[in-house]
Amino acid sequence: EYGIVDATIRMFTEPVLEADVGLLGQVWSAEETRKNDLLSALGVTPEELQSADRFAALLSQEGVEPDTKAGKNGPIFAFAKTDDFMKELLEDENPTVAALAAARLGIKSTIDQLGAEKLGFMATRGPLTVYLRYCGTDTTRWSGGDGYNWQNPRRGSPVRKAVRAPKGYKLGIVDASQIEARLLDT
């Protein structure tokens, strides 16, 4: 484990990665424009989409009875992107209902915009510090730190493409499946 601990600390204390700040700015702006276009087309506000009660009211206005599921303190609306109800809404025959569902998921899902913002700000200070919390999860895997998880940029995302290795270094993008077991065997 000493090697893994050492690597985790060095990624933060001896940063070398660089970022294309211009590309990150474009990603952030494109996401902001996409969100604003969704809202404008539907004539709704971000608050209406982000609030479960207000989103339920918008669906009710379209004749849809919002589905619920068990929550910690009683029933809650089934508005998560993994809920069957939301998946069905995305395919609804009423285009307004489908657009509302897509807009709610689109407004709440901002991984590219968050990544562009965090990494863009970090790049203005110099090399990108990779902050991972060693054994940050119950399963002893790394977890993200400082509001960003370096393990989560989507495959092929522009945020991932904006991270660069400096001259003299190579950056390998690999699937980290079973990485803990592989690192422990070395």
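Me: Which helix gives the most to the lining of the second largest pocket?
Reply: Helix α7, residues 111-123. α7 puts three residues into that lining. Bear in mind that this is a predicted model.

Me: How much space lies in that second largest pocket?
Reply: About 150 Å³.

Me: Which residues line the second largest pocket?
Reply: Phe12, Lys118, Phe121, Met122, Arg125, Thr129, Tyr131, Gly145, Asp146, Tyr148 and Trp150.

Me: And how does the lining split by class?
Reply: Six are nonpolar, two polar and three charged. Lys118, Arg125 and Asp146 are the charged ones.

Me: Switching to cavities. How many of 30 Å³ or more does the structure hold?
Reply: One. About 40 Å³ of space lies in the largest cavity.

Me: What lines the largest cavity?
Reply: Ile111, Asp112, Gly115, Tyr148, Asn152, Pro153, Arg154, Ser157 and Val159. Tyr148 is also in the lining of the second largest pocket.

Me: Which element gives the most there?
Reply: α7 again, with three residues.

Me: What about classes for the cavity lining?
Reply: Four nonpolar, three polar and two charged.

Me: Back to α7. At what angle does α7 pack with α2?
Reply: About 150°. Helix α2 covers residues 21-42, and the two axes lie 9 Å apart.

Me: Left-handed or right-handed crossing?
Reply: Left-handed.

Me: Which residues make the contact?
Reply: From α2, Val21, Leu24, Val27, Trp28, Glu31, Glu32 and Lys35. From α7, Asp112, Gln113, Ala116, Glu117, Leu119, Gly120 and Ala123. One of these, Asp112, also lines the largest cavity.

Me: Last topic, confidence. What does the chain average for pLDDT?
Reply: 88. Of the residues, 93% score at least 70.

Me: Which element has the lowest mean pLDDT, and which the highest?
Reply: Helix α9, residues 179-185, has the lowest, at 58. Strand β1, residues 18-19, has the highest, at 96.

Methods. Residues are numbered from 1 along each chain as its sequence is written. This is a predicted model: local features need pLDDT of at least 70, side-chain atom pairs count only at pLDDT 80 or more; totals for chains, interfaces and linings use all residues. Side-chain values use heavy atoms; hydrogens and water are left out. On a 1 Å grid over the protein atoms alone, a cavity is a set of points where a 1.4 Å probe fits but cannot get out, and a pocket is an open set with protein on both sides within 12 Å along at least five of seven lines; lining residues have an atom within 4 Å of a point. Grid points are joined across faces, edges and corners, and a volume is the space filled by probe spheres set on the points. Helices (H or I, at least four residues) and strands (E, at least two) are DSSP runs, numbered from the N terminus. pLDDT is the predictor's confidence in each residue, from 0 to 100. Axes are lines fitted to C-alpha atoms, for helices over the stretch in contact, and angles run from 0 to 180 degrees between N-to-C directions. A crossing is left-handed if the near helix is turned anticlockwise from the far one by less than a right angle, and right-handed if clockwise. Contact means heavy atoms within 4.5 Å.
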